[in-house]
Structure formats: C-alpha cells, structure tokens
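This briefing goes through one protein model, from its overall layout down to single residues. Please keep the sequence and the structure at hand while reading.

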Amino acid sequence: MLEAAEKFVREVRALCAQEMSDEERWMRTGEFLRDFASDQAVQEHAKDWPATDRTSTGRDKTGNLLFYEDPDYGFLVTAMAKEDGHHTTIHDHGEIWTMYGLVQGTEEINRFHRVRDEVVHDSTFRIEPGDVDVVPPHLAHQEITVGERSAAIIIRSERRARGAELIPYALEAPAAATGG
C-alpha cells in the first residue's frame, strides 16, 4: 500500500481506539484525509484509476474502488474516478459518516435538506485537490465533476453504507524497475 495510505489507516485506527463521539472521530478523520488526498504519490496513482461512474461503465450504480476495509473497526477506504461532466444523483449515506477527499480535478458539491418528501437545495461549493468534504449521516448531497476527469478518496465509517458497488483495487506503489 502507498506510504500515505498506510499512514492514514494507522491514524484512523488510532482514532477509532479512543473514546470520543462519532462526530469528533470523523471530523478528525477528515483532517487526516486532507494530507492523504494531497499526497503527490496518491495524486499520481489516481491518474490510472479506472472510471467508476455510470457514464463510462453503463452500469446502473456508481461503483467505488475498494482499497481497504478495517478488520477491527469496519471503516472503508474507497475511491471514485469520474469522467468529465459526470454527476451523482442526489443521495445520502443513511447513518454512515462519509469523508470525501478530492485527489484530482474539480467538483461542485450541492447540499440539500428534506422537506417532507422533497429535497431542497441549500448550497453549492467547489472543491479542488486536497479539499475534503465531511458528510454527516443523512445529509443529502450531490457531486458534479467540473471540466476534466476527477478522482476522490472516500472514507466511510462502516461498510453498511448503501449505494455504491465495491470493486477491489490495489492502492500500491509502482514496482521498482530492475536493471538489466
């Protein structure tokens, strides 16, 4: 696994081992994710991630690349790579905390609240590589790729998040070249 990914997993595991509220744990995880998403080796690796959006695959669901599932605390380290112009549906992750760290490209994030059976737009903001959006449980949102391809690392507080198909994928450093 890339050094930045190993460091991130160690940091999150240490947080999970401490007594604190879920809000404090996952807000602090978002802070660690900034370093992870800003790491040059991770940003270089992201250039080769296969597109996981429905535009490129024709699937009914958006998939996520699965890099790591913690055996003790259950959090997931996943990613998405989306083509130009892709947007997710308006969605939430139920009771799951989700941290979204942009690695490549630019995205607009829309936030919504529910009024009876409708969702009402609250705000839009733009994120660039290294920016992190911490999404609390039940917060309706939507990601829109602006311009070029985008890629993001997504941390979920537990596996039972609904929606995305998980596609196992290695977050490995490139093999060293051998002389010859």
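The model is predicted. The protein has four helices and seven strands, and 46% of its 180 residues count as buried.

**Overall layout**

- Along the sequence, the elements follow the pattern α-α-α-α-β-β-β-β-β-β-β.
- Among contacts between residues at least 6 apart in sequence, 77% join residues at least 24 apart.

**Confidence**

- The average pLDDT of the protein is 85, and 82% of the residues score at least 70.
- Confidence is highest in helix α1, at 96, and lowest in helix α4 (residues 54–57), at a mean of 50.
- Residues 176–180 have a pLDDT below 50, and this stretch has zero contacts in the model beyond near neighbours in sequence.
- Where pLDDT is low, the predicted coordinates should not be read in detail.

**Helix α1**

- Helix α1 has 15 residues and spans 21 Å from its first C-alpha to its last, close to the 21 Å expected at 1.5 Å a residue.
- The buried residues of α1 are A4, A5, F8, V9, E11, V12, L15 and C16. They cover an arc of only 165° around the axis, so they lie on the same side of α1.
- On the face turned away from that buried side, α1 carries the exposed residues E3, R10 and A17.
- Packed against the buried residues of α1 are the helices α2 and α3 and the strands β1 (63–69), β2 and β6.

**Helix α2**

- Helix α2 covers residues 22–38, which makes 17 residues, and it reaches 24 Å from its first C-alpha to its last. That is close to the 24 Å expected at 1.5 Å a residue.
- A kink of about 25° is found in α2, centred on F32.
- R25, W26, T29, G30, L33, F36 and A37 are buried in α2.
- The cover over these buried residues includes helices α1 (3–17) and α3 (40–46). It also includes the strands β2 (76–82), β3 (98–115), β5 (132–135) and β6 (140–156).
- One of the buried residues of α2 is R25; with a relative accessibility of 10%, R25 falls under the 20% limit and therefore counts as buried.
- Leaving aside neighbours within four places in sequence, R25 is in contact with L15, C16, Q18 and M20.

**Aromatic pairs**

- The count of aromatic pairs comes to three. Two of them are described here.
- The ring centres of F8 and F36 are 4.9 Å apart and the ring planes are at 25°, so this pair is stacked. The cut-off for stacking is planes under 30 degrees apart.
- F8 belongs to helix α1 and F36 to helix α2, so the pair ties together parts that are 28 residues apart in sequence.
- Y68 and F75 are buried.

**Strand β1 and residue L66**

- L66 is in strand β1, and at 16% relative accessibility it counts as buried.
- L66 and T78 are twelve residues apart in sequence, while their C-alpha atoms are 4.5 Å apart in space.

**Residues with positive phi**

- Which residue in the loop between β3 and β4 is one to look at? R116 is in that loop, where β4 is residues 118–127.
- The phi of R116 is near 55°, a positive value in a residue other than glycine.
- R116 has 79% relative accessibility, over the 50% limit, so it counts as exposed.
- H138, in the loop between β5 and β6, has a phi near 65°, also a positive value in a residue other than glycine.
- With a relative accessible area of 47%, H138 is partly exposed.

Note on methods
Residues are numbered from 1 along each chain as its sequence is written. This is a predicted model: local features need pLDDT of at least 70, side-chain atom pairs count only at pLDDT 80 or more; totals for chains, interfaces and linings use all residues. Side-chain values use heavy atoms; hydrogens and water are left out. Helices (H or I, at least four residues) and strands (E, at least two) are DSSP runs, numbered from the N terminus. The expected span of a helix is 1.5 Å times one less than its number of residues. The bend at a residue is the angle between axes fitted to the seven residues ending there and the seven starting there. Buried means under 20% relative accessible area, exposed over 50%, partly exposed in between (1.4 Å probe, protein chains only). Contact means heavy atoms within 4.5 Å. Rings of Phe, Tyr and Trp (its six-membered ring) pair if their centres lie within 6.5 Å; planes under 30 degrees apart count as stacked, over 60 as edge-to-face and the rest as tilted. pLDDT is the predictor's confidence in each residue, from 0 to 100. The arc is that of the directions from the helix axis to the C-beta atoms.
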